[in-house]
Amino acid sequence: MPELYLRLLNRILTPLLLLLAIYLLLRGHNLPGGGFIAGLMAAAAFELQILSRGHDRVRRSIGPYLNSGIGLGLAIAICSGIAGLLNGVFFKGLWFDLHVPLLGELAVGTPVIFDLGVFLVVVSVATSYLLGLSRVSDTAAPIPDGAPSPELSDSFETDPAVVADDSSLRTER
Amino acid sequence: MLAASILLIFVSGAVLYWIRPHTRVWAGWLSTLPPLAVTVWQLNAALPLLSGAGAESGGKADLQNGAIIAEQYRWIESLGLELSFRLDGLSLLFGLIISGIGVAVALYTHYYLEDDDRQGYFYLSLFAFMASMLGLVWADNLLTLFVFWEGTSVTSYLLIGYSHRSAVARGGARNAFIVTAGGGLALLAGLVLLGQASGSYAISEIIARPGLTELDLYPAILILILVGAFSKSAQFPFHWWLPGAMAAPTPASAYLHSATMVKAGIYLLARLHPALSDHPLWLWALLLFGGTTMLLGAVFALRHSDMKALLAYATVSQLGVLTTLLAFRSEAALLAVVVGILSHALYKGPLFLVAGIVDHATGHRDLRMLGGLRRTLPVTSGIALLAALSMAGIPPLFGFVAKEALLESAYSAAEHGEAAGWLAFGAAAVTGAFFVAYSFTLLWEAFLRPAPSAETGNLTSNSPLKSGATPIHHPPAPPFVAAPLILVALGTFAPFVLKPLSRVFTPAAASIAAQPVQVYASLWHGFTPAFLTSLLAITVGIWLFLIRSRLRAFLSQLPDNLRGVFLFQRILDDLYALAQVTARFSQGYTLATQSGVVLLAASIPIVVALRQINLNDLFPSPLALPGAPETVLILMIGVSAYVTARVTSRLGAIISLGVVGVSVTLFYVFFSAPDLALTQLLIEVLTVVLLVLVFTKLPPDVRPAMQRWKQARNVLVALAAGAFGFFLVLFNSSDAMQAALSISDYFLHNAVPGGHGANVVNVILVDFRAIDTMGEITVLAIAALGGYALLNAPRVRLPSSAPSQSASDQPAGSEEANPVADTSRSNIDPPTDTEAH
């Protein structure tokens, strides 16, 4: 069971980190930030979650969205490029000036939407790696000190949980 | 409108996927609407061409030759790449075939794949193919054409491999893809050479440019383009992928592998005909390869008793006929090409669809298992009768018109004393006889023969045919039969409306010739030598049909290792073996050797460059010494790097490596690069936590201490890699390099006015260099797929036992070699895991 302080920290920090990620994403075009950094920041938030709540619970809550997140991110990025085609050239930026109440003038353009796609891909890829690695490190159960290395092969047998998970994914496809 | 039509087809594929068509009764009808709309639109656009009397008198030359519609879109300006489309006579003919047969196939698919929950996926791939194919035939730019060409290869791969759990389907899809995509590479080289040599990538400009055949580069251009076209259109020696592609679901076979995709090569040859054909090399290459293909396909069609395999070889033969015709430059030959393309689409398409219906209804498509279907499937048999007689070239069907045109044109070439003409004429006559023989075989054995006992020699004793007709398990729904019926009806009426049809044929032939043509297809030419040859071919064909069991026995005695598939498999096996050898040499088994090879290879250019550059130029003068903060950082980095290398515990190594990373981050802060600093910091945090997560779970390291020479080797590699980084930075910051290559100023000045952003780094990422970023996130996504496969793969017992070792030695592509299947005590479904290969 994770430490109490870690769980407490998680309660406070995760929303903050996610908010910070969104903030970095939105301001990225004019100030340090952007899709890549924001994606890593959000992945850090999920990593905190994994550490404090265990990878199984995190996978149950966000795992199903990760693969579609990668696809959606790529699709958004490509679409923003195709939108540029309407302006004449692939990936040429299209800009609109929106007047938003409270925020004032806001320049919205296809590069910003492209950045959103980058953000989605980065956060999904990073998080799925984190989830996968934490599961692998969990199933490769620690071997008692001093045990000879040939015992290692025992930990490479089929893991029923993995197989079950896999088949569910395949039928989805 | 052309681009919009392509987009419409693409989008409707996605919509069809999304509505889950296997659960909707009306999905089949819905799916016909987009291709129908495109067909109607094309007919409407071509109305001046179709209704005008100009086509008959040949007076409206501008309309005949010129484009009906031309569109241009800028794409990637800096590469000179543009999306341009052009609808003229030839692309109209192909466009109508693609969208028109697309209507029938879309309807048919819903019934063929009924209750299949991947039907939506099939529609998605099918419509993506249709869009690519339309783009291919409408393209007016060599590179645009190539993009869509590759699109058809990829979607064809997906469609052939639709039943991805079957090893046959995967193998067929892989072979077809390797051949067509490999040919595609040759084609790309040829198109680029052609574009450079002629000074333009616009097809309409290239074909208007005279004298291309006199260039020194002409043979290279021609051979490369021919490799591309021949591989796509299944010409000898690439013909064998097409029968292998019959593992595709029948709608895909009917659509891709008879009516449309395999004609892409023919289309390309026809399209470039005006520019490239005026040379003996063109004549003899097309004549020899086309002629061989046509004879080979026709003879081997008789060997096969699987309906689809027979039809596949027949298609190969017909493609050979079209290639042979394109070797000539006479108007009659070009007209014969055009008529041959349409008539083939209108009889071979329905025949494939009929084979699918028979398969669906009886569960068999092997002629030895079939018989008497005229009683149980009367309408389908009627369709098969008309289509097969047309294939045989029996008057007055459409196939007869095409065959007459073929023989006439070859004969007229022969009459002029051309040896090529005689060769083509002879080959066409022999092929014609075989066409008759296998058409009759197909008709008789599946549909007409009354009781199998009357036929001896074809049936094995354990045949299920005791009572006559093959039993029907699953009678076809009316719309299922309607799809081939529409096509065959069109094909049957066509010969009687040849005059109006000429308004499509003549402009198409004129586009191939790039000048107005004056010939017209006709049903009756009189008792010409061609007609008499045709009669003779039919007679010989009937004789061949009667002795078919002996022919089959003879053909099946031919050794297997002469067949293309087997030769190709052997080449593939050898390639895999070679890849294993090079991989063992260059990549090794441990991370240390792998990274060692990569890093050493990377430092080679530095060694080369250092020999040519004066070192003093690299160092800035006067040499500025680092200030106090930087000195501290440098010391921190040096010390923690040393600690990382020397420390024995893993945790210690990870933490000291983290210190290196954070110190580098501080460098970025000092040199005001906040974006880099943020990114680096986040990456450091993520990797350190991740490494801690993984490494603490690993068993303790009990390996013996590293040998001396290995330590020395690692130190050397590390030093070389360090030198690589050091000199790379020096090169880049040297004055000469900055003056010559720096584009920083451009970015700094244009970020706000052009990119609407003050953060130049971000503007570069998402705007100036957006295509690079697009590539990067695509790579990320692919890496995630690979990581997913690695991390979630059922863990295999490491190769300690013999069987799994031998399995991993086999080529990864050979379908039976499945390392996962060898895992002891695992109850995994084996085929699903070969996808990771």
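A residue is buried if 20 or more other C-beta atoms lie within 10 Å of its own, and exposed if 12 or fewer do. Keep that rule in hand as you read this predicted model.

Start with two loop residues in chain B. Asp115(B) sits in the loop between H6 and H7. Its phi is near 65°, a positive value in a residue other than glycine. Is Asp115(B) buried or exposed? Asp115(B) has 7 other C-beta atoms within 10 Å, so it is exposed.

Now take Ala234(B). This residue lies in the loop between H11 and H12. Ala234(B) is not a glycine either, yet its phi is positive, about 55°.

Pro396(B) belongs to the loop between helix H20 (378–392) and helix H21 (398–415) of chain B.

Next, the helices. Two packed helices are described by the angle between their axes and the distance between the axes. Apply this to H6 (residues 89–112) and H18 (residues 331–362) of chain B. The angle is about 5°, and the axes are 11 Å apart. That makes H6(B) roughly parallel to H18(B).

Which residues of H6(B) meet H18(B)? They are Leu93(B), Ile97(B), Ile101(B), Tyr108(B) and Tyr112(B). Look at the numbers of Leu93(B), Ile97(B) and Ile101(B), which are among them. An α-helix has 3.6 residues a turn, so residues three or four places apart point the same way. From H18(B), the partners include Val338(B), Ile341(B), Leu342(B) and Ala345(B). Gly349(B), Leu353(B), Gly356(B) and His360(B) in H18(B) also take part. By class, this contact has 10 nonpolar residues, three polar ones and no charged ones.

Finish with helix H13 (residues 250–259) of chain B. How many of its 10 residues are buried? The count is 10 of 10, and H13 is described as mostly covered. Among the buried residues are Pro251(B), Tyr255(B), Leu256(B) and His257(B). What do the buried residues of H13(B) pack against? Their partners include H6 and H18 of chain B. Helices H7 (119–138), H8 (142–160), H12 (241–244) and H17 (307–326) of chain B are partners too.

Notes. Residues numbered from 1 in each chain as written. Chains lettered and ligands numbered in written order. Predicted model: local features only at pLDDT ≥ 70, side-chain atom pairs only at ≥ 80, totals over all residues. Axes fitted to C-alpha atoms, helices over the stretch in contact; angles between N-to-C directions. Helix = DSSP H or I, 4+ residues; strand = E, 2+ residues; numbered from the N terminus. Parallel < 35°, antiparallel > 145°, perpendicular 65-115°, else oblique. Contact = placed C-beta atoms within 7 Å. Nonpolar A, V, L, I, M, F, W, Y, C, P; charged D, E, K, R; others polar.
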